[in-house]
Amino acid sequence: MEFNRREFGKVIGVTFGGLALGTVPEGLLGAELTSYRVKKGDTLSRIARTHNTTVSKLKQLNGLASVHRIRAGQRLKLTDSVAASAEIPRKLRWQIDHKGVQHKRWKKIVVHHSATDNGNAAIFNRAHLRRRMENGLAYHFVIGNGTNGTGDGEIEIGQRWMRQIHGGHVRNLALNEVSVGICLVGNFEKRKPTAKQMTSVHNLTQFLQRELLFNRPKVYGHKDLEQNLCPGKFFPLKAYRARFA
Ligand SMILES: [Zn+2]
């Protein structure tokens with residue numbers, strides 16, 4: 001949403017928690033401005049200065065290379081608009097954010113479905129051990145769907161995350177070395193993930209990508225990396241990728 005405000009002498013896009021507003025009390029603007037449309041003659045440093053941020057923060061938010069020319073009409077994110085919304089329980093954050101975490105190692109976050117109707121981390125762990133995966137559960141995280149005594153949307157932390165070892169969730173060994181694997185329980189070729197699972201995968205991804213890990217890992221569905229159906233046609237992969245682009 002755009003509007004022209006003579007007082008500011010420029011065109012500014014403002015959103016409040018996803019709601020676009022036509023007019024905003026002046027005092028709120030500094031805190032709530034989430035994006036800015038570049039005008040002719042703008043520089044990153046001037047935009048940063050005017051909006052109380054830094055050039056490096058702008059580059060990070062907008063995925064700009066170190067040498068990058070901005071162009072008029074381009075929209076720049078000023079703040080991490082997703083960051084304020086999502087929450088995972090504090091206790092779980094502490095468990096995920098343990099002192100062994102290799103912040104620079106993880107370059108990708110890969111989402112899977114279990115392709116089973118039910119299950120949980122313990123059940124998949126046993127199944128993977130039976131498949132001679134010596135480290136058991138192939139994923140770093142499992143998000144339950146309310147079956148087998150695990151809560152709908154419950155995030156379970158796998159041993160591979162606690163030990164900070166490679167996943168076993170993709171075929172490619174090099175990819176497993178640098179990819180965090182998140183498995184949502186369910187067969188999303190048959191049905192959608194539950195709303196609570198989606199909330200949890202968003203919250204977990206956001207925590208990992210925006211807070212915990214360095215280098216802002218890129219997000220993928222398994223089928224983006226290898227030829228298969230995972231995480232299923234009913235997982236909203238496009239929206240998920242866009243949200244964490
Ligand atoms: Zn998969």
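Two residues count as in contact here if their C-beta atoms, placed from the backbone, lie within 7 Å. By that criterion, and leaving out residues up to four places away in sequence, Ile182 touches Ile109, Val111, His112, Tyr139, His140, Phe141, Ile143, Val201 and Leu204. Please keep in mind that this is a predicted model, in which local features need pLDDT of at least 70, side-chain atom pairs count only at pLDDT 80 or more, and totals for chains, interfaces and linings use all residues. Residues are numbered from 1 along each chain as its sequence is written.

**The cores**
- Ile182 is one of the residues that touch the most other members in the largest nonpolar core, which has 28 residues; Tyr139, Phe141, Val142, Ile143 and Leu204 are the others. A nonpolar core is a set of buried Ala, Val, Leu, Ile, Met, Phe, Trp, Tyr and Cys residues joined through C-beta atoms within 7 Å, and buried means 20 or more other C-beta atoms within 10 Å of a residue's own (exposed: 12 or fewer; partly exposed: in between; C-beta atoms placed from the backbone).
- Two or more residues of this core come from each of β7, α5, β8, β10, α8 and β11; helices (H or I, at least four residues) and strands (E, at least two) are DSSP runs numbered from the N terminus.
- Another core, of five residues, lies apart from it and includes Tyr36, Leu44, Leu58 and Leu76.

**The sheet**
- Five strands form an open sheet with mixed pairing, in the order β9-β8-β10-β7-β11; strands pair if DSSP finds at least two bridges between them.
- Because β9 and β11 (218-221) stand at the edges with a single partner strand each, one side of each has no neighbour in the sheet.
- β7 (residues 108-113) runs parallel to β11, joined by four bridges, and Lys108 stands opposite Lys218 in β11.
- β8 and β9 are antiparallel over four bridges, with Phe141 bridged to Ile157 in β9.
- Six residues separate the strands in the hairpin of β8 and β9, where Gly146 has a positive phi near 85°.

**Helix α5**
- Ala121, Phe124 and Asn125 are the buried residues named in α5 (residues 121-130). They sit on the same side of α5 because they cover an arc of only 105° around the axis (taken from the directions from the helix axis to the C-beta atoms).
- The buried residues of α5 pack against β8 (141-145) and β9 (152-157), while exposed Arg126 and Arg130 are on the face turned away from the buried side.
- Arg132, which follows α5, has a positive phi near 65°.
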